[in-house]
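Dear colleague,

My notes on it follow.

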Amino acid sequence: MPLLEVETLTKRFGGLTAIDNVSFHVDEGDVLGLIGPNGAGKTTLFKLITGFLKSDSGTVRFKGEDITGLAPHKIVNKGIARTFQVVRPFRHLPAIANVLVACASPRASKKLEWLKSPERKALDMLELVGLSEMMLEPAENLAHGDLKRLEMARALATEPDLLLLDEPFSGLNPIETDFLTKSIQRLHLDGYTMVIVEHKLQALMKLVRKVIVLHYGEKIAEGSPKEISQNKKVIEVYMGRGV
Amino acid sequence: MVGYFFRRIYLSFATKVFDVPSKLLAFLLFLLLLAIPATRPSSYILLILIISYIYAIFAASWDLLVGRAGLVSLGHALFFGIAAYTSAILSKFYGLPIWATIPLAMLFCALVAVLLGFPSLRVKGPYLTLVTMAFPLILHTSLFAFDPPIGGEYGIAGPPRFFPREFLMGTEFLAEYYLVLLVLFVSAIILYKIANSKTGIVFVSILDDESASKACGINVTKYKLLAFVISATFAGLAGGVYAHSFGALGSVSPGGVLGLTTSFYPVIMTIFGGIGTIYGPIVGAFTLWTLMEFFQFANELRVLIYVSIIVVFILKWPEGIAKFVVKKLDELTEKRELEEREKKK
């Protein structure tokens, strides 16, 4: 049974169909890439899966359970965590408190190891993304790259079974991109299932085994990175039609 | 044995209070408040201080709701008024002792907060502010529909006082002064602990970014309601104490406990002292209330001078005076520690 099953999901904003009949599934332990030009509906798809938007039709099943239309916090507590495309830190809180908020969720509290304090766990998460030196720094003082990592730490602290990363590489310099690639590879080895939306195809193709291409809300291709890069339709969408 | 006990207390104080300049300052201020009656102030001054402490509790409860959870309420007088009325009615007409009526009034406030919170917390930002503003005004007007001795403009005349006259032995207000100071001290510590607990951190996360808070698996509605209820309970405590101290001297009236001014006092005090700190509103309430009395000599110009001072202070220290002082102290200690570390090297 796949971990996440999305079936004939549709979302309309007035006359615009942002997501049109999209179906796909993610197997446990898999890393799925989601690509497409600007406005293809990638973020909308994330919002539909995580409950930030209500779909017009279609179902989302997680571990066989229908989670369509559940409130966002309930979906997180079922085991799906997401990061945001534009970083959304809690500006007034220090880095460690940012992660502590996620540790306060019912799922994280329940999964907390015996005799381990939430603070310790928050620090472990910061260490995992390489931010432990900044733990007491208010989030408003952190650089963009650090905030991206803070988002990851926060998402990981909710103990997700499925991690949805919305453009994790946006705004990162090559060194940071490299570091993040390694982090994601390590998470993959640890058995995390992930869906990654990304523009930087080069970075993405190294990470994923399967790619889905969206265009104007429709799924136009699905396959391994190699297949996708040779797919005529995809090339057409990205490069334009040949003369 | 006793010596050991005191030594333990002293040692825990030495590390937790005396070593932290801002906490040491708070401790010294508390000692100062304890010592004020030793200067044999008039009953009038004691009464002014009592009211300032009551408003300090009230403002601190508002700060937890607004400064921490970011739910801007301009109708906090609702809970102040409900508690004052509940406690006054229960003690005057049903003969219940005050130590029972105030907790009952607080409980009732919490219940009202749950009932009103469910529908009103669905709206956000300025809309929430407007909704909260309406509640005390509605109650204020509805009270006029009832007949005395409960309804009407004059309200409930003379609810019982905390201490019977025989007990006071001429030292009017002194016992009440210490009682209210104790209540302020305890509730300030509880509110401060809540504000800096894990729950308090979640409150701030809601203030900063509600969606991100949801993405962390936080049931935002539940925490908002929790902030509303805690805040209402402590506002109720302030209202209950008010009814039996200041209210007992005259009456618990709609204008006195439910008016717009009552809702705005905590706002001014909190912003003046430092929003989101819990200690800020306490400093603000104390400073502003005593300042107002200090300008008594200026007669009609009093309010003008008072307001100008507030405006100047807020322009100069927008983060609040208490927050400013604490920040400066922290910076100084940090500098000192750095210098010491340099020396060691």
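**Findings**

Chain A holds 10 helices and 10 strands, where helices (H or I, at least four residues) and strands (E, at least two) are DSSP runs numbered from the N terminus. Its radius of gyration, taken over C-alpha atoms, is 18 Å, close to the 18 Å of the globule rule for 243 residues, so chain A is as compact as a globular protein of that length; the rule is 2.2 Å times the number of residues to the power 0.38.

This is a predicted model: local features need pLDDT of at least 70 and side-chain atom pairs count only at pLDDT 80 or more, while totals for chains, interfaces and linings use all residues. Residues are numbered from 1 along each chain as its sequence is written, with chains lettered from A and ligands numbered from 1 in the order in which they are written.

Of the 243 residues in chain A, 45% are buried (20 or more other C-beta atoms within 10 Å of the residue's own, with C-beta atoms placed from the backbone). Gly51(A), with a positive phi near 85 degrees, follows H1(A).

Leu9(A) belongs to strand E1 (residues 4-13) of chain A. Leu9(A) counts as buried because 24 C-beta neighbours lie inside 10 Å. Beyond four places in sequence, its contacts (C-beta atoms within 7 Å) include Leu48(A) and Ser55(A). The C-alpha atoms of Leu9(A) and Ser55(A) are 6.9 Å apart, across 46 residues of sequence.

Yours sincerely

Methods: A residue is buried if 20 or more other C-beta atoms lie within 10 Å of its own, exposed if 12 or fewer, and partly exposed in between; C-beta atoms are placed from the backbone. Two residues are in contact if their C-beta atoms, placed from the backbone, lie within 7 Å.
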